[in-house]
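Here is a short report on the contacts and charges of one model. Have the sequence and the structure open as you read.

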Amino acid sequence: MAIYPNRDIATPEPVPGRQHMVVQTEKYIEQLTDKPPQAEAGVATEFYLDRPPVPLFQPKMPSKDCCKYTQILEGDPELFDFDAEAEPMLNVLCEKTLEQARLEVLEEEEFKIMKIQQKEYEEIRNAELIEA
């Protein structure tokens with residue numbers, strides 16, 4: 001009988017009148033619990049009093065001579081085509097809304113059926129209790 005199966009050297013047989021036992025040799029006993037250890041920790045906000053105030057953002061206005069006109073070419077690929085870009089998103093939104101509404105209607109119908117079955121069960125049970 002090997003007490004230590006992971007060792008290469010076999011343990012010698014015990015002296016007559018004695019037996020081998022597994023003994024804990026660690027310094028501390030580990031206590032097993034079903035709850036993990038809990039600890040509270042506090043956090044404090046460090047105020048940066050030494051920081052200079054943030055300057056007010058004032059964007060520079062472009063000069064008047066470069067903003068006189070804007071040229072938009074027909075079929076420019078960089079322009080946003082609302083019909084082509086928004087239609088797939090609207091389709092997805094509509095499909096998801098309809099699917100959600102369908103699921104809610106099915107759920108309501110299931111609740112109605114459950115209520116009817118519960119009422120029938122209670123009637124049968126009450127009739128059985130009256131007979132008994």
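## An aromatic pair

Let's begin with Phe80, which is exposed because its relative accessibility is 56%, above the 50% cut-off. Keep in mind that this is a predicted model. Phe82 counts as exposed too, at 54% relative accessibility.

How many aromatic pairs does a search of the whole structure find? The search turns up one. The pair joins Phe80 and Phe82, with ring centres 6.3 Å apart and planes at 65°, so the arrangement is edge-to-face. That label follows because planes over 60 degrees apart count as edge-to-face.

## A negative patch

Asp81 sits in the segment before helix H1, which spans 82–131. This residue is partly exposed, with a relative accessibility of 44%. Together with Asp83, Glu85 and Glu87, Asp81 forms a negative surface patch.

Side chains of opposite charge can pair when their charged atoms come close. Which residue forms a salt bridge with Glu109? The partner is Lys112, and the closest N and O atoms are 3.8 Å apart. The pair counts as a salt bridge because that distance falls within the 4 Å limit. By this rule the count is one salt bridge.

Both Glu109 and Lys112 belong to helix H1, where they are three residues apart, or about one turn of the helix. Glu109 is partly exposed at 38% relative accessible area, whereas Lys112 is exposed at 51%.

Conventions: Residues are numbered from 1 along each chain as its sequence is written. This is a predicted model: local features need pLDDT of at least 70, side-chain atom pairs count only at pLDDT 80 or more; totals for chains, interfaces and linings use all residues. Side-chain values use heavy atoms; hydrogens and water are left out. Patches are made of residues with over 30% relative accessible area and no salt bridge: like charges are joined within 9 Å, nonpolar side chains (Val, Leu, Ile, Met, Phe, Trp, Tyr) within 5 Å. Accessible areas come from the Shrake-Rupley method with a 1.4 Å probe; for residues, only the protein chains shown count as cover. A salt bridge is a side-chain nitrogen of Lys or Arg within 4 Å of a carboxyl oxygen of Asp or Glu. Lys and Arg count as positive and Asp and Glu as negative; His and the chain ends are not counted. The place of a charge is taken as NZ of Lys, CZ of Arg, CG of Asp or CD of Glu. Helices (H or I, at least four residues) and strands (E, at least two) are DSSP runs, numbered from the N terminus. Buried means under 20% relative accessible area, exposed over 50%, partly exposed in between (1.4 Å probe, protein chains only). Rings of Phe, Tyr and Trp (its six-membered ring) pair if their centres lie within 6.5 Å; planes under 30 degrees apart count as stacked, over 60 as edge-to-face and the rest as tilted.
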